[in-house]
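Welcome, and thanks for taking a look at this one with me. Below are some notes to read alongside the model, going from charged pairs to the core and the rings.

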Amino acid sequence: MRPTSSNRTSPDSPRRPPAVIIVGPPWPRSAAIRVIQNQIQYYRERGFRTVFVGVPFLWYFKQVPQSPKGLPEAANELDADTILAATFDQKTYDSARFRASNRQAFYGTVLDWQVAIGRASRLSDEEIDFLGGLPVVLFHNNHLYTLGFALDLHSRLFGPHSKVPIILETHDVQSHLTHQKGDHNPRTNRCDRLERLIKSEIALVEKANVLVHISLDDSKFFHTFLPSKPQFLAFPTIDEKFRSTVSAAAVPAEAIDLLFVGQWHPANLGALAWFFEEIWPLIAHRHYRLKIVGLIGQMVQRKRPQLYDSFRSSFVGEVADLVPYYRAARCVIAPMLSGTGISIKTIEALALGKPFVGTSKAFRGMPMERLKEAGIRAFDDPQSFAQAISQTLSAEHDAAAASRAAYDDVFSIRASFAARDEALRAATALGQA
């Protein structure tokens, strides 16, 4: 992937604002991108120049059938002042894999190895010089996988004893997710024990100065292991421009009764298998028009080809623009049986005021009691899920009002930015200490 940048202001301006470098995985049109988009909006409103650095790592480029050419273009959704894309070629990747595997031979886990592979990504000398000329006062890193790269870049720009603070937005408990997926340690060719994975994750996360969590469950986990580390809970919020674009879009000629949006992820595969095998037979006679959008279609085609063939007409695949699909949707569904972190797609549906039917796992990491007060419920068995779909579609107005009320109470920009203000104050205080 060729490094790209998009500069809206000149670094030679006589009155330059403070800059924040935001590091994250280059996942176009993903839930993580929505969170990073929220960060960028926050920092720009607080007067910062924003630089996003997309960092490839092992999992993304080895498992997702995605052309890297589209990454810089898709990252423009972020609306950062500058966008840079780190790269590694096959030779660099193979070398880093070999070094990481040997270095972690006796004590490392697959998490250490994955972070080491992400660390192999590189910016060009020209881009390093550009960043070195900015008045950077903060690093904001997303995901454990890119933390090694961020720490190396931080040291290269400011030296090993710099007081420029690093905020880490965790997004998930990666030790739990890695154990759940059954990822093998490349050195032992076996799965690491959960206790060892947790120990590796805590040792890595501890290198950041301040932690931000987007899930209630994640916040509880990290507070247990790192009680003295400054930590803040900032629920994701959805870009207001996206919300207004969907509401202002023309109503399509043909409605979508049920919409599922999902990326390439085992939890989405399990959700659709359960939906088609257990729930669909209960509502098939109603002839609902179902559409499934995202890379999950390719995963189902590869992992469950017979299931894909049976429902081929429902799979749309990855799309450049979700707006017409959300605008046409009468109900968004999330029949999740597993998952970690928080579901951005659930929050997105609530933000758009879409009638929503989901299981308890669709609301993971959220304050469920507050959602119930707004009229949101979870449905965990096939019969109740099927009945909820029928009832929601027969009372769309009330269901949409419940979604909007839940979003405004829990996930508003006001609440999110207030939490981010606290994290920024804590990081600033550490930087000045």
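1. Let's begin with the charged side chains: a search of the whole structure finds 19 salt bridges. The term is used here for a side-chain nitrogen of Lys or Arg within 4 Å of a carboxyl oxygen of Asp or Glu. Please keep in mind that this is a predicted model, where local features need pLDDT of at least 70 and side-chain atom pairs count only at pLDDT 80 or more, while totals for chains, interfaces and linings use all residues. Residues are numbered from 1 along each chain as its sequence is written, and side-chain values use heavy atoms, with hydrogens and water left out.

2. Helices (H or I, at least four residues) and strands (E, at least two) are DSSP runs, numbered from the N terminus. D257 counts as buried at 13% relative accessibility, and R330 counts as partly exposed at 23%. Buried means under 20% relative accessible area, exposed means over 50%, and partly exposed is in between (1.4 Å probe, protein chains only).

3. E369 is exposed, with a relative accessible area of 55%, whereas K372 counts as partly exposed at 37%.

4. Helix 17 also reaches another part of the chain. The side chains of R370 and D409 meet in a salt bridge at 3.4 Å, N to O. Here R370 is in helix 17 and D409 is in helix 19 (residues 396-410), 39 residues apart. R370 is partly exposed at 35% relative accessible area, and D409 is partly exposed at 36%. Elsewhere, R44, D79, D81 and K241 are linked in a network of salt bridges.

5. Contact here means heavy atoms within 4.5 Å. Ring pairs also link F276 into a cluster with F275, W280, Y308, F311 and F315.

6. How many aromatic pairs does a search of the whole structure find? The answer is 17. Rings of Phe, Tyr and Trp (its six-membered ring) pair if their centres lie within 6.5 Å, and planes under 30 degrees apart count as stacked, over 60 as edge-to-face and the rest as tilted. The rings of F221 and F225 have centres 4.9 Å apart and planes at 45°, so they are a tilted pair. F221 and F225 are separated by about one helical turn because they are 4 residues apart in helix 10 (residues 216-225). F221 is buried at 11% relative accessible area, but F225 is partly exposed at 40%. F275 and W280 also form a tilted pair, 6.0 Å centre to centre with 55° between the planes. Both count as buried, F275 at 1% relative accessibility and W280 at 15%.

7. Q37 is in helix 1 (residues 31-45) and counts as buried at 10% relative accessibility. Leaving out residues up to four places away in sequence, Q37 touches E77, L78 and D239. T346, in helix 16 (residues 344-351), counts as buried at 1%. Beyond its neighbours within four places in sequence, T346 is in contact with F356, A362, F363 and M366.
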